[in-house]
Amino acid sequence: MGGWIGGFAHSALLWGLALASVPILIHLFNRQRHKPMPWAAMRFVLAAYRKTRRRVQLENLLLLLLRTAAIALLALAITRPFTGEASPLARLTEGRRDLVVIVDGSASMGLREGVESVFDAAVKRARELVRKLSGTRGDRVRLIYAGQYPRLLSWTTPEQALSMLDTLSTPTDEPIEFAAALADVLQRAKEGPSDPGVGAAGRLEVLFLTDMQARVFHTGADKTEEQTGRTALAQVIDELRALDVTVVVEGLAGSDPLPANLAIAAVEPLTRLPGPNQPAEIGVELRNFGPNTKSGVRVVLEVDGERRPSETVDVPARGRAQVVFSVAFKNAGEHVLTARLEDGDRLAFDNLRSRVVSVPPPVRVLLVNGAPGAILEEDEVGYVRTIIEPYGDAALDRSRAPFDAREIAPEELSAADLDFTQYDVIWLANVESLPTAVVDKLEAAIAAGRSLVVSLGDRVDAAATNARLYRADGSGLLPAMLGERVAVRSRSDTYFRVKAFDEAHPALSFFADERFKPLLTEVPIYEFVAARPLDGARVLATIDDDGANPLLVERTYDRGRVFLWTTTIDPAWTRLPESPATLVPLVHEWLHYAGSSEEPPRNVAPGTPLTTEVGHFPRNPTLVRPDGARRALDGDAKSSSNGRWTLPSVPGKDTEVAGLYRLEMEGASAVTFAVNVDPAEGDLERILPSELTAMHMRLASEESTSDQPGRVDRKGELWRPIAIACLIALVLESLWAAFLGRKRSVGR
């Protein structure tokens, strides 16, 4: 049939056309066969027959043709032939359309072009397309609202799709996952003709209404995750191509390939936050995604709703800039930082950004002094105590102190009223031995989230300490098995040094700077205890002896941490305590890290489930959304091993809007979360139509298609006109047969 018929939805049923031969066969089998016999009067009958034979044959032939045509047309209709638009039969096709409209719901669609946003234009365009369809003709619309995941709004009649479009007023606060949206389309295309209400798979028309943001299509990206995304997009487009489906992309954001946009990309402390009433530096990072430098940009920082004086900064084209605010928080606990552009621009969502920070209370440290001394230089914890409690005069405001230390003797560890869980860090300094009951209490406290520091010395017996604190299966507290004591031959001419250390670890990162690295790596170490770390323990620093023994080892123990310092913390085995430039940052950073607890994140992306713990039983926990709407949490709180309570998780569907969320409980302080949009969503650089079509042959821009977007290589079915022709043939056959029967009966 060449260009007339494009194919058949049920080609396997073409054998039914053979049934058209049944009337012919019946006619042949029923022909009367007789032997001629001479009869005198027959010559008059033959003369009359010769006169009407041709007319009777034509009448019978027409009847046979009508019967054959009716069966053939019925069989052909069942096969559901379809044709392309270029076929001469295209005018006879049914014309029903199955349209998929993907509306880009990403945050960048909020860009305003005059009085309306790009998203408003996309919804308006979708309405125009849907209004051209007809439910009475059988047209169907699959409406997809695409953000981080595709939201199917309808797969129904055009009238119902229009009512769903009326519910779309604003874009999401999410980036769009275009591959996921097309995967949803692919699933529909694969269903194909198995659904009687849908035509052949090739008839599925797909239109993507978007702002043409380049990152949606992952062009020019060098990040691993974006390369993976591009691969996923190419794969789903390849599968759509195999089903003869083309995706038409229609841009609605104007012709500017690089729109101007200024965004607040981050607001965060530049260093670890100190305690209350101590100055901290808060950095606000700005990104200029536009082609021109922005001068005199005014930035405002609010701390717990209190506005601070604005700062100005120049932001280079396609560049970054940072504004630094000095803030002293009045008390420990959670605080909300909100940075905003005083003069906003056309894209509103990235003109403001919030962050929840936690100001730590003083780290509670229990120092167990295994070798007290009369003078500072001979006291095991004398230098450490001086560092973490430097105040000696009453005029100093103790509320500004970052540490709250208590010193006890080893024998006091067995006191019944000593509760290890009241301290964040327990430091065993040159402690000779521990009773079994004390070890059991220590294990429980560390498992509940506390930290233990073990520093060695001449009173520590390696074998006895291993017996109490080390187990090869990791169930003991020590992160390494202690070995022999190692010492230099003569302190006057040789010493050990730190060979290497983990520069990224929070306890040692201060020394990663080349200016400060010698403060740690050049300090003499005269003696230490060899140690063999457990599998899974983290060696933070090593010594330059022949065995490359560890100096500092860390391991996690359930919810807590354990540190092993293989030399002394006093000057007995090392000169490190006599170097304030080394000991002060080391002890401060180490104890701050050890005293910190792992809290659930308070700053998340849209659609992220929220979980948190509180130190008391939560009564009637309620989620308060950014718009003030309230919803009681479903489920029950669960008690944790450390005496805290885990609240029911807030599902991701409840956090899809950017802003500040609160979890309120009766008789307790609220817990605050900040949900922020990915700052890269503010990069409005657009892909050109030529670049788009070059990506994949089944991605077509609006400019490369006909004047009716979405109608690419449309195919229509012929079954309805064929069925009508079959019905006409049957009616004509019945009428003709009745006419012949009446005519011939009268003629007799």
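The model is predicted, and local features are reported only where pLDDT is at least 70, with side-chain atom pairs counted only at pLDDT 80 or more and totals for chains, interfaces and linings using all residues. Residues are numbered from 1 along each chain as its sequence is written, and side-chain values use heavy atoms, with hydrogens and water left out.

Strands are DSSP runs of E with at least two residues, numbered from the N terminus, and two strands pair if DSSP finds at least two bridges between them. By this criterion, S3 (residues 98-104) is joined to S6 (residues 140-146) by seven bridges, and the two run parallel. S3 also pairs with strand S8 (residues 204-210) in the parallel sense, over six bridges. Here Leu209 of S8 is the bridge partner of Val103.

Seven of the seven residues of S3 are buried, that is, under 20% relative accessible area with a 1.4 Å probe and protein chains only. In a regular strand the side chains alternate between the two faces of the sheet. In S3, Asp98, Val100, Ile102 and Asp104 point one way, whereas Leu99, Val101 and Val103 point the other way.

Another sheet was examined in terms of strand order. Five strands form an open sheet with mixed pairing, in the order S28-S35-S34-S30-S31. Strand S28 (603-604) and strand S31 (630-632) are the edge strands, each pairing on one side only. Within this order, S34 (residues 659-666) and S35 (residues 671-675) run antiparallel and are joined by five bridges.

Definitions and conventions. Helices (H or I, at least four residues) and strands (E, at least two) are DSSP runs, numbered from the N terminus. Buried means under 20% relative accessible area, exposed over 50%, partly exposed in between (1.4 Å probe, protein chains only).
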